[in-house]
Amino acid sequence: MSTVSTLAAACAALIILKKRRKRKRQMWVKNVFLRKEQSVYKVLMAELREEDEAMYKNFVRVTPEGFDLLLGKISQAIKKQDTVMRKSISCGERLALTLRFLATGDTYSSLSYLFRIPVCTISKIIPEVCSAILECLKDYFKVPTTEDEWLKIAGEFSSQWDFPNCIGALDGKHIHIQAPAKTGSLYFNYKGTFSIVLLALVDANYKFLYTNIGAPGHHADGGIFATSNLNQAIKQKKLNIPNARPLPGRHMKIPYVIVADDAFALQANLMKPFKHQTLNGMERVYNYRLSRARRIVENAFGMAAARFRILRRSIELPPEKVKLIVGTICVLHNFLLSTSGTVYAPPGTCDRDVNGIFEPGSWRNGTNIPFLDLQPTQGRNYSTNARVIRNEFKEYFVAEGEVPWQYKCI
């Protein structure tokens, strides 16, 4: 046999040998993941359910009854079929895994050891469960579309927070994320970190009415609201917001407004504070009364971040998945307030402002700000009509709408 033939035969044998080595069957799943009966869901959560409801609630942020209620609403959407090869992961375990992730922001690797589920499977389960929550709980999260719904919200702002003709409190926060690949400075915010923006409108009871999630952190403050579909719907009168009417005891008709902070531009339907540099007494009263109503949205953010602490971390996922996670938390927040309000938010959770005495809520403990505020606007022009409306509120607060304790805080 020639040298060339010998060399070719050797190469062929080597190729066959390598192929045989590649065909060697790998383990279907590691043995540690097969011992499901020893997972945290099967052992720890079962024990906590029987022995310590408070610790159970701390572990997944819902009571056993709340967990069962939530599971009943989404189980059909997340259920998987058993196969001849293996049993599927139960709906309860899928939900518990997702809630624990939202409660802590633990890495997939850490959760893998707790729940005895491979990382690659966890990376599929969490987005699937989040999507199911968004779809199945959508009735707990919707923008009002009838005049009666808006009037109910305005009545609650007037009775609970002494701000009439108000249909919501608006604010935005930066959600910290890991720098996305190949995006340059798009997600780089004014504080030198990477983020997406959560813009939210909240009612008088701390529930989210509307959210706009996902704008890159590089985008300018109130400009996100200016281009939002909420602002466009308001301007095009698609939401059936009631027609302008006078403040109690006065004659000038003014529109129903949203209250916001310095991050937004003054508009006829959006009230913000007077600049703090040169304030007279009436303007100080107005700023206090607006701040008192606007603080509702800040408390809603703080409450959500206190319960779902992934919001207090830099989330190491792509922006689209972060958007899904933040949206899920907003829906769960509304769901839990509706179904177990005092359990989800016990007395003292939110800030209190009674007769001019401010008491910070417990959500502020252990952190200064759960997420980064939007950057204040820099001297924008506003219409004469917007200025007239703000002045009407200012005059109302020191006349017909005066409360005796408002002067303690100016």
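Helices here are DSSP runs of H or I with at least four residues, numbered from the N terminus.

**View 1. R116 in the loop between α7 and α8.** The model shown is predicted. R116 is found in the loop that joins α7 (108-115) to α8 (119-136). The phi angle of R116 is near 55 degrees, a positive value in a residue other than glycine. Most residues other than glycine have a negative phi. Buried means under 20% relative accessible area. R116 has a relative accessible area of 15%, so R116 is buried.

**View 2. N165 in the loop between α9 and β1.** N165 has its place in the loop between α9 (147-161) and β1. Phi of N165 is positive, near 55 degrees, and N165 is a residue other than glycine. With a relative accessible area of 6%, N165 is buried.

**View 3. Strand β2 and its two partners.** Strand β2 spans residues 195-202, and eight of these eight residues are buried, so the strand is largely enclosed by the rest of the structure. In a regular strand the side chains alternate between the two faces of the sheet. In β2 both faces are covered: S195, V197, L199 and L201 are buried on one side, and I196, L198, A200 and V202 are buried on the other. Strand β1 (residues 166-176) runs antiparallel to β2 and is joined to it by eight bridges. One of the residues involved is H174, whose bridge partner in β2 is V197. Strand β3 (residues 208-216) is also antiparallel to β2, with seven bridges between them. Here V202 stands opposite F208 of β3.

**View 4. Y206 in the hairpin of β2 and β3.** Five residues lie between the strands of this hairpin, and Y206 takes a positive phi near 70 degrees. W161 and Y206 form an edge-to-face aromatic pair, 6.5 Å centre to centre, with 75 degrees between the planes. W161 lies in helix α9 and Y206 in the loop between β2 and β3, so the pair ties together parts that are 45 residues apart in sequence.

**View 5. S228 between α10 and α11.** S228 lies in the loop between α10 (223-226) and α11 (229-235). At 2% relative accessibility, S228 is counted as buried. Apart from neighbours within four places in sequence, S228 is in contact with Y210 and N212.

**View 6. F67 in the largest nonpolar core.** The largest nonpolar core has 118 residues, and those with the most contacts inside it are F67 and F393. Helix α13 (residues 319-344) gives the most to this core, with 12 residues. Not counting residues up to four places away in sequence, F67 touches several residues, among them Y41, M45, R49, Y56 and V62. A search of the whole structure finds 14 aromatic pairs. Y56 and F67 form one that is edge-to-face, at 6.3 Å centre to centre and 90 degrees between the planes. Y56 sits in helix α4 (residues 53-60) and F67 in helix α5 (residues 64-78), 11 residues apart. Y56 is buried at 2% relative accessibility, and F67 is buried with a relative accessible area of 2%.

**View 7. An aromatic cluster and two charges over rings.** F163, F274, Y286, F393, Y396 and F397 form one aromatic cluster. The charged end of R390 sits over the ring of F274, 4.0 Å from its centre. R307 lies over the face of Y344, at 5.9 Å from the ring centre.

Definitions and conventions: Residues are numbered from 1 along each chain as its sequence is written. This is a predicted model: local features need pLDDT of at least 70, side-chain atom pairs count only at pLDDT 80 or more; totals for chains, interfaces and linings use all residues. Side-chain values use heavy atoms; hydrogens and water are left out. Buried means under 20% relative accessible area, exposed over 50%, partly exposed in between (1.4 Å probe, protein chains only). Helices (H or I, at least four residues) and strands (E, at least two) are DSSP runs, numbered from the N terminus. Two strands pair if DSSP finds at least two bridges between them. Contact means heavy atoms within 4.5 Å. A nonpolar core is a set of buried Ala, Val, Leu, Ile, Met, Phe, Trp, Tyr and Cys residues joined through side-chain atoms within 4.5 Å. Rings of Phe, Tyr and Trp (its six-membered ring) pair if their centres lie within 6.5 Å; planes under 30 degrees apart count as stacked, over 60 as edge-to-face and the rest as tilted. A charge sits over a ring if NZ of Lys or CZ of Arg is within 6 Å of the ring centre and within 35 degrees of the ring normal.
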